[in-house]
Amino acid sequence: MTGAPVLEVRRLTKLFDQVVAARDIDVTIATEEVVSIIGANGAGKTTFVNLVTGYTHPSGGSIRFRGQELVGLPPREITRLGVCRSFQVPQVFSTMSVLENLMIAHGLSDRGRGAGLSALASRDRVEACAELLSVYRIEAYRDRPAALVPQGVRKLLDIAMATAREATLLFLDEPTSGIATEEKFAVMDIVMAALAERKATVVFIEHDIDIVERYGRRVLAFHEGGILADGPAADVLGDARVREHVTGRRRA
Amino acid sequence: MAARDRTGAALAGAFVVFVAAGFFLPSWAVSLVILSLARGIVALGLVVQFRSGLVSFGQALFFAIGGYAVGLAGLKLRLTDMIVLTVIGVAAATLLGAGLGFLMRRYREIFFAMLSLGFSMLFYGLLVKTETLGSTDGFNVPAPTIFGARLSALATRTLLYDLTVAAAAGAALGVHWYLGTILGRLDTALRDNEVRVEYLGYAPGRVIHVQYVLGAALAGGAGALTAMAVGHIDPSMAYWTTSGELVFVTILSGTGSVLAPFLGSLVFGLLQTYALQYAPSVWQMILGVALLAIILYLPGGLWSALERNRARA
Amino acid sequence: MIVATLAFIVADGVIYASWLFIVAVGMTLVYGVMRILNVAHGSLYALGAYTAATMVGAWFQRGYAPLGSFVLLLVAALVVGLVMGLILELGLLRFLHGRDEVVVVLATYATFLILEDVIQLIWGVEARPAPQPYSLLGTTTVGPLLLNNYDLALIALALLVGGVGWWALTRTIAGKLLLAVIFDREMAEACGINVRRVFLVTFLIGSVLGALGGASTAPMISVSRGLGVDVIVLAFAVVVIGGLGSIPGALLGAAVIGLSRAAAVHLLPQAEVFAIYLIMTLVLIIRPYGLLGHERLRKV
Amino acid sequence: MRTATSTLGLLAMAIGVAALFLIGLPAPVASQAEKYRVGVVTLLAGPFAASIGVPAKNGAEMVAEAINNGTLPAPYATKGVAGRSLELVVVDESTGTAKQVTEFRGLAERREVDAVVGYLVAGSCLAVAPVADELKMLTLLSTCSTPRIFEENDFKYVYRTSAHLTPDGVTAARYLLKRMPNVKTIAGLNWNMAYGQDAWRDFRLSVQTLKPDVEAINEQFTTFGGGQYGAEISALLTKKPTVLHTAFAGGDFEAFVVQMTARGLHQNIQMVMTAGAGSMYRLLDKLPDGVFIEDRGPYSVFARPTALGNWFRTTYEQRYGITPPYTAYHMGQAVLAFKIAADKASKGGAKPAPEEIGRALEQLKFDAFGTTVHMSRSRGHQAVTESAIGVYKFDKAKSVPTVVDVTYYPADCVNPPDGTKGEAWIKGGFKGARCD
């Protein structure tokens, strides 16, 4: 069913006091697409993700996920529908070990009744999560408190937690920010490899144009809360206004 | 898991020792241990909340509910069986907790503390206004029976003591199991990062609600046991200073283990008793200094001190 | 009759509110800036009251000019506030920065327990009435109302405190720094504001205000043990109703409690004991962060 | 988490320490054969400590010392209690009832007292009474004003050597209607606690029984320790009752007086203050002349000027610099009662058993420091005394507080007869009251 729309955003608008954080955003994303969002700081990239995942509520417009309206739902329900996200600033349980972080994510992805009262550190779960850690190549840190591991590891953990549940639509907010340039590709390879067999639709926010070019088949360019350009990477990155407002500084 | 079995063993050991001790302790000590263990049971509930960064400044509400449930059951329904009464205390508090929980789950930090304080003080005001229940003087609770048998004061006290020890051990075991579950582990998760819990598809409020009801149930049972041990109940059970004392014990104990609150509560009881004996006019100061010292030098409470010793050894 | 009652409800409400505001404003200021809910505020209140009562008593024994006693009240507040403020901030709170809010509350609770007995060691258990200033100013009759001018002076004092506070916060550099810290401590620190000094100054001001509450109350009561206890919960209620850390909130909270208590006393005396906690609980249920408080959304 | 050994080690440690204390440290002081140790329980902290708690302790210590030195006036000049010296063990009552019960057991077992005197708080009296019977511990309640203790139960080892609350209201009502026969309306300002509620109810019922057309138009109940009475005073100014009754005492009483005099409330309302006398020495001219005032019995300013009475008052004033309030008398006469009964019960040699001392107390009639005490109610466990009330007058010349037009009412005039509950007795028209 490739091509069937998984996310349809219509005339999405968000005002903070007088500031327009999102203006009349119209975008449709199809199943198994890999979309990258670019834009200068304050262009409304994260706001867009926050709106779709219910962290903040829009001032107007509609967000439909497989035809179901998301506006008004709290993040937990949107998550349960299969829309997951990772964060620009990794959102992990800082005093808990990396493994525990993942086990909690894993445990909460279990929908069964009274699942909450099953033991957290059950043998199967420990194995499953150790497995996941190795997929993300962070098994070495398994027993360290999340607060004390390198930023890159925390980033990956954050993503691993976001993907613990079988996500249909996955948002990655700057997956490589705060990671040394030479490691960025490695990290992205890991992530993309991990997501490859998931058949998940992936939308990631990215500043690094090389990453965008390499992974984002389709690119959305944000500017002042609106979408400046939307299309295949090459076209969008070639677009004059995009060069001017988004990538220009970087290329000059 | 292995860790659980050990705590279980430790609890079993403690249970045996305490029950045995019950036969040769003087009655003042028995009464002190009963009250301390009961206080420990309440603190146990507070420990669970504390792990997710929440503190109820109104736990005395459920403590008093448990006490008055016993008192009224004895007064109006002529119920005196200590086990039945304890169950009644738990039930009453649980019901109220489940109801109020729908509100409390929306609150965090100091606001959680303040709203719980508000509820407990409202109940206090209600009791003070109820002259038929003796207002601030309260009323005496008839001596409890067991399985319909009215035994000698000594036997009754010993049985009540054993019941309290059993209740404490049971509570500790149950909470220990709970903390091993996903839900139980979410407490720290919540404290660390509520947003992430939300984005893992779970309602943080639900965790808090469960914790709140758990705390209420424990406090209710403890209140029931206390009422029977003291033989008298009055509104001061619900006053904010009682809640303060309960939080006091929680901080003193530390959250390192389900055994901590009982240790802390026992230490508190003895500290107060001997402070009263040797410095009857400045015992408050002694308690205050003790609490400050703990906060400043033992952030993890008494338990952490014992663990630190172990680490050194 | 009805008119008189209504007039009295307003008058009594406003007077009580003024008193509450003076007592609570320091607490909310300290919370707003330092995130410390200071239980020992009640002890500062008590210390202020005791010191004032002692000084006023001596003043009148020596037969000095009666009106001078009012200055004495302020002096007492200043002395107690500054001395205790320094001791508590530098000697204790400084070491608790970054600790759990609730743990800090407990620390101040411990301080309160200690000071309770310290007060007894200093002043003994005898009550200290110092009523002279209370009747010095005479009374005013407005229509059916017969009011004591000292109470009216309290209103003036409350307005003064509120006014100066508002002016200092909005019109002075220091105040703007303070607001910056209240608004976003991390940001303020990043901007190179010396947060430690801001904390110390804030706490000193808060302590002086707490002591002022006690000093200004001393003449209308008989200063005796345990008068700090009830004040604490009252101040809590005011601060929470208004919105923790909001100074206009404290004003509003005080007004709400003052008026509703007065109304209860006049129309439904039986409800007096409930009034305050009922209001607090209801407000929290309807506005979880207090009337003027608001939620902070974390940036992700 | 932690390893098994350490957990169990910890536990052992904890229990070890606990056990150490719980088996009753410290070792009993001296042997008990040649001395009497008596527990003295009163409020040493909190709002009541100043006005009534510590004075009660002082009263006990002063009388105990005089007993040991044999310096009490006749007929009590014999040294010691049943030939033995008296040692007091003071305990703070301000810890809440639950703790009080443990403390009581501690007194009996850990600190090995022969008897317990004291208790000002009704709650702790109700709570410890059953324990006293369980431990067979002779207990002389000194104040705790509630009548419920013996109305609701029969305790074997518990006695109260002072009258309970009921006479205060009855006395005030009788006096009021004698001096102001045409009272129309009464109002009350009392603490929102059992003591305040009972005091007001007794007074109101008594007045309305003696003069059924009197209307109670304003019943104010305020939080204890409130301290701010502006609104209450305003309410009374608008309601304009003929009489205001208050059972306030200590700090709240003084706060109320200061605040209401400043607004002239006393100028057109007759004040009836059933527990205020203790404050007159602090308030002096701030307490307006003309208020009706009681001291919960014939104590302090109302004490009979007998040798005993003068000794108590002058000695106390010399030692503590203030006039003893009623709790000092209560406690003093509790200790005295213990001496008298023990002396009476002892046949030389061994200490008399608590039951024997108790029996000696029943129906005992003895002269105390304020007046004569008669253990004539509730099977001889509850004392009655005459009551006293008067009009306050500040003597400007000597600048000392005085009371004039003092009236003493015989015990049987203001106390319910044996076996009848106060409230029922009042409602039933004071059946059996003998006032001659």
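Is A:E32 buried, exposed or partly exposed, and how many other C-beta atoms lie within 10 Å? The residue is partly exposed, with 16 other C-beta atoms within 10 Å; a residue counts as buried if 20 or more other C-beta atoms, placed from the backbone, lie within 10 Å of its own, as exposed if 12 or fewer do, and as partly exposed in between. The model is a predicted one, in which local features need pLDDT of at least 70 and side-chain atom pairs count only at pLDDT 80 or more, while totals for chains, interfaces and linings use all residues. Residues are numbered from 1 along each chain as its sequence is written, and chains are lettered from A and ligands numbered from 1 in the order in which they are written.

A:E32 also has a backbone feature to look for. Its phi is near 65°, a positive value in a residue other than glycine. A:E32 sits in the loop between β2 (19-30) and β3 (34-39) of chain A; helices (H or I, at least four residues) and strands (E, at least two) are DSSP runs, numbered from the N terminus. Most residues other than glycine have a negative phi, and most peptide bonds are trans.

On one side, β2 belongs to an open sheet of 4 strands, ordered β2-β1-β4-β5 with antiparallel pairing; strands pair if DSSP finds at least two bridges between them. At the edges of this sheet are β2 and β5 (68-69), each of which pairs on one side only. Within the sheet, β1 (residues 5-16) and β4 (residues 60-65) of chain A pair in the antiparallel sense over 5 bridges, and A:V9 has A:I63 in β4(A) as its bridge partner. Helix α1 (residues 45-52) of chain A lies across β1, β2 and β4, running at about 65° to β2(A). Such angles run from 0 to 180 degrees between N-to-C directions, with axes fitted to C-alpha atoms, for helices over the stretch in contact.

β3(A) pairs with β8 (residues 201-205) of chain A in the parallel sense over 4 bridges, and A:V35 stands opposite A:V203 in β8(A).

Attention now turns to how the chains meet. Of the 5 pairs of chains in contact, chains B and D share the most contacts, where a contact means that the C-beta atoms of two residues, placed from the backbone, lie within 7 Å. Chains A and D do not touch, and their nearest C-alpha atoms are 13 Å apart. Between chains B and C, the contact takes 35 residues from chain B and 32 residues from chain C. On the chain B side, the elements that give two or more residues are α5 (109-129), α10 (240-253) and α12 (283-297).

Chain C itself has 12 helices and 4 strands. Of its 300 residues, 57% count as buried. Its C-alpha atoms fill a box of roughly 60 × 45 × 35 Å along the principal axes.

Chain D is assigned domain 1 (35-163 + 304-384) and domain 2 (166-296 + 387-427), with bounds that come from an automatic or database domain assignment. The C-alpha centres of these two domains lie 28 Å apart. Their contact takes 20 residues from domain 1 and 18 residues from domain 2. On the domain 1 side, α2 and β12 (372-377) of chain D are the elements that give two or more residues, and α2(D) supplies the largest share, 5 residues.

Two further backbone features are found in chain D. The peptide bond from D:A74 to D:P75 is cis, with omega near 5°, and D:P75 is placed in the loop between α2 (47-69) and β2 (85-92) of chain D. D:F430, which is not a glycine, has a positive phi of about 55°. D:F430 lies in the segment after α15 (422-427) of chain D and counts as buried, with 20 C-beta neighbours inside 10 Å.
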